[in-house]
Amino acid sequence: MDDVTAGSLYRKWLPIFGVIIVLIAVGSVLYKSYFSTADMPVIKKVQDFTLERMDGKNVKLSDSNGKVRLISFIFLRCPDVCPLTTQHMVDLQNTLKEDGLYGKDIEFISATFDYENDTPEALQKYAKAVQADPSGWQFLRGPDDVMKPILNDFWIGAEKQKDGLYVHTMKTFLLDKNQNIRQIYGMADDMDKEKILREMKKLAKE
């Protein structure tokens, strides 16, 4: 092959090789963005706990191991942050149902720290009112001596005020299939639903 032919081939294939390299780089970025969980390292493994469901039966956190869980800590008389957080979770629930992941690969848990007022009947009424599907969403409760170590394990503070309402830490938690906290989000308007949905799906594929 003479120098002219070799040079022509080089000039012909160089742009193609460049495009291939760019596609590989873009593919790598997309994979890390949408499939890899390297950006969600284990923050901590939480202790197992047992709480009462809204049907009056006790359930352990470990009963849902093998599924990804989005956990919120709320109280039903909350006037602002909690109901908006629950509404965002309902939106996520509906999207996950369309994708066939809800209840099967991903579950929600909402645990109340207002044991006196948030009775099983109140939880049932609340879940029905917000259209939370119980096939993949558990509303849980427990007395103060049971809830306190759970709240501490999740770094949640909840102080009852004179009016009976609570001042509390505004965080939600994404747990993987093995009870590990992998992501911590805010509540209400601080919840990025697209990000949460994407990261739940990532963990479901682990």
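**Exercise 1. Describe how helix H2 packs against helix H5 in this predicted model.**

Solution. 

Step 1. Classify the angle. Angles under 35 degrees count as roughly parallel, and 65 to 115 as roughly perpendicular. H2 is therefore oblique to H5.

Step 2. Assign the hand. The crossing of H2 past H5 is right-handed.

**Exercise 2. Which residues of H2 and H5 meet, and how do they divide by class?**

Solution. 

Step 1. List the H2 side: His88, Asp91, Leu92, Thr95, Leu96 and Asp99.

Step 2. List the H5 side: Lys193, Ile196, Leu197, Met200 and Lys201.

Step 3. Sort by class. The contact of H2 with H5 holds 5 nonpolar, 2 polar and 4 charged residues.

**Exercise 3. Characterise the largest pocket by volume, lining and class.**

Solution. 

Step 1. Name the lining. The residues are Phe113, Asp144, Met147, Lys148, Leu151, Asn152, Ile156, Gly157, Ala158, Glu159, Lys160 and Tyr166.

Step 2. At least two lining residues come from each of helix H4 (144–153) and strand S7 (158–160).

Step 3. Find the main contributor. H4 gives the most to the lining, with 5 residues.

Step 4. Sort by class. The lining of the largest pocket has 6 nonpolar, 2 polar and 4 charged residues.

Conventions: Residues numbered from 1 in each chain as written. Predicted model: local features only at pLDDT ≥ 70, side-chain atom pairs only at ≥ 80, totals over all residues. Heavy atoms only, no water. 1 Å grid on protein atoms, 1.4 Å probe; cavity = no way out; pocket = protein on both sides within 12 Å on 5 of 7 lines; lining within 4 Å. Points joined across faces, edges and corners; volume = space filled by probe spheres on them. Helix = DSSP H or I, 4+ residues; strand = E, 2+ residues; numbered from the N terminus. Nonpolar A, V, L, I, M, F, W, Y, C, P; charged D, E, K, R; others polar. Axes fitted to C-alpha atoms, helices over the stretch in contact; angles between N-to-C directions. Parallel < 35°, antiparallel > 145°, perpendicular 65-115°, else oblique. Left-handed = near helix turned anticlockwise from the far one by under 90°. Contact = heavy atoms within 4.5 Å.
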